[in-house]
Amino acid sequence: MTAYALYLHIPFCRQRCSYCDFNTYTTLGELQDAYVVALAREIRQVGALAADEPAGTPAIRTIFFGGGTPSLLTTAQLEHILTAARETFAVAGDAEITLEANPGTVSLDYLAALRSLGVNRLSYGVQSALPGELALLGRAHDFAAAVEAARLARAAGFDNLNLDLIYGLPGQSVDDWRRTLDAVLPLGVEHVSLYCLTIEPGTPMQRWLHNGTIQPPDPDTAADQYEAAGAALAGAGFEHYEISNWARPGRACRHNVVYWRNEPYLGLGAGAHGLGGGYRYQVVRQPRAYVRRMAGSPVGPFPLSAAVAAYHPVGRVEAMSDTAITQLRLLQEGLDLGAFAGRFGQTFDEVYGDTVRQLENWDLLRRDDGHLLLTERGRFLSNQVFYRFV
Ligand code: SF4
């Protein structure tokens, strides 16, 4: 039985943040009920397709409610979705079940109900501790709400919390960033994800950049901020296990590690991506179209539901390249050279020897006990490294 990670996309938000180009909507609240029914139907449809496969019912080792703001769903809606998942797949008893939430959208009763539904990990979008930065980002909460959300999570029994933070903001100095880190570290969370701001086309932030309201972020400052965060988090006992992610020992995000090992995952819900049954696929983006399509029949073999808008079989060259790019993101584990040879019948050096030698000579990659890893220098130039395996 193949084990999968299960990603469920919840495309609703209360307000749109100024930098966000995610597949999420602020005016579709009335669609929430129909969306939940469609998502449960997609889960069951994918399970029915799997039942015809030799491998049978997929095992699920992690579930991740992402968005969007999944904490806008009621606990009854979340229960409806989780019940469909548990009745359809073999969900492991110790499955990591994460829900993304925004500070200010959760109460103690709500969080306690999530725990009783089996949700055991929360990921809060905190982004910054500074009021001016939160205003620039268009966030709906202040930092006091983030502190309160962390307190409520502990009171409800959550012992696995992640906070998302953003650096590389226009006008943000290294000291500003240190103030956010200094405010966040005393919260004692298990996991921190740090994202460098990218100004995406079509966002308010891109308009502000074009009309001169904000200045472009300075990449050298962002590199200094990344370095400062690494030092602060190491000093606080975190392991830097992925380029953008730090965790206390044993608290890496099991769901995301599946992506970074290039292992199969089912992505369901509007705009979700998946990798399974030999296919990469994408679900239709628009939630109304998603609900409409999910009234119909599946597109094809496992795991292609009625809402899949595009898919292709994953060829050998694509699979090798994806494996290189994703596994190198794992800074402690790196790319497992023995597993690569076992899977593809060729060693990594036979496929990419010239490239690897060049990157080793430039001190961007190193070998350690059968694994290939980014060097300290390679962490800062990771995109340059990955580009060479495409
Ligand atoms: S809360 Fe998250 S998903 Fe929603 S608009 Fe803001 S950044 Fe985007």
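Across the interface of domain 1 and domain 2 there are four residue pairs in polar contact, with both residues at pLDDT 80 or more. A polar contact here is a pair of N or O atoms within 3.5 Å, where within protein one must be able to donate a hydrogen and the other to accept it, and where residues adjacent in sequence count only if both atoms are side-chain atoms. Helices (H or I, at least four residues) and strands (E, at least two) are DSSP runs, numbered from the N terminus. By class, that side of domain 1 has six nonpolar, two polar and two charged residues. Ala, Val, Leu, Ile, Met, Phe, Trp, Tyr, Cys and Pro count as nonpolar, Asp, Glu, Lys and Arg as charged, and the others, Gly among them, as polar.

This is a predicted model, in which local features need pLDDT of at least 70 and side-chain atom pairs count only at pLDDT 80 or more, while totals for chains, interfaces and linings use all residues. Residues are numbered from 1 along each chain as its sequence is written, and side-chain values use heavy atoms, with hydrogens and water left out.

Where do the domain bounds fall? Domain 1 covers 3-259 and domain 2 covers 318-387, bounds that come from an automatic or database domain assignment. Each domain gives 10 residues to the contact, meaning heavy atoms within 4.5 Å. The C-alpha centres of the two domains lie 28 Å apart.

The area buried between the domains is about 890 Å², and carbon and sulfur atoms give 62% of it. Buried area is the accessible area (1.4 Å probe) that two parts lose on being put together, summed over both. His 240, Glu 242 and Ile 243 supply 50% of what domain 1 buries against domain 2, more than any other three residues.

Glu 242 also forms a salt bridge with Arg 329, the closest N and O atoms being 2.4 Å apart. The term denotes a side-chain nitrogen of Lys or Arg within 4 Å of a carboxyl oxygen of Asp or Glu. The rule finds one salt bridge across this interface.

Let us turn to the ligand. The residues around the ligand include Cys 13, Arg 16, Tyr 19, Gly 68 and Arg 139, each with a heavy atom within 4 Å of it. The shell divides into five nonpolar, five polar and two charged residues.

The peptide bond from Gly 67 to Gly 68 is cis, with omega near 10 degrees, and Gly 68 lies in the loop between strand E2 (59-67) and helix H2 (75-88). A further cis peptide bond joins Phe 302 and Pro 303, with omega about 5 degrees.
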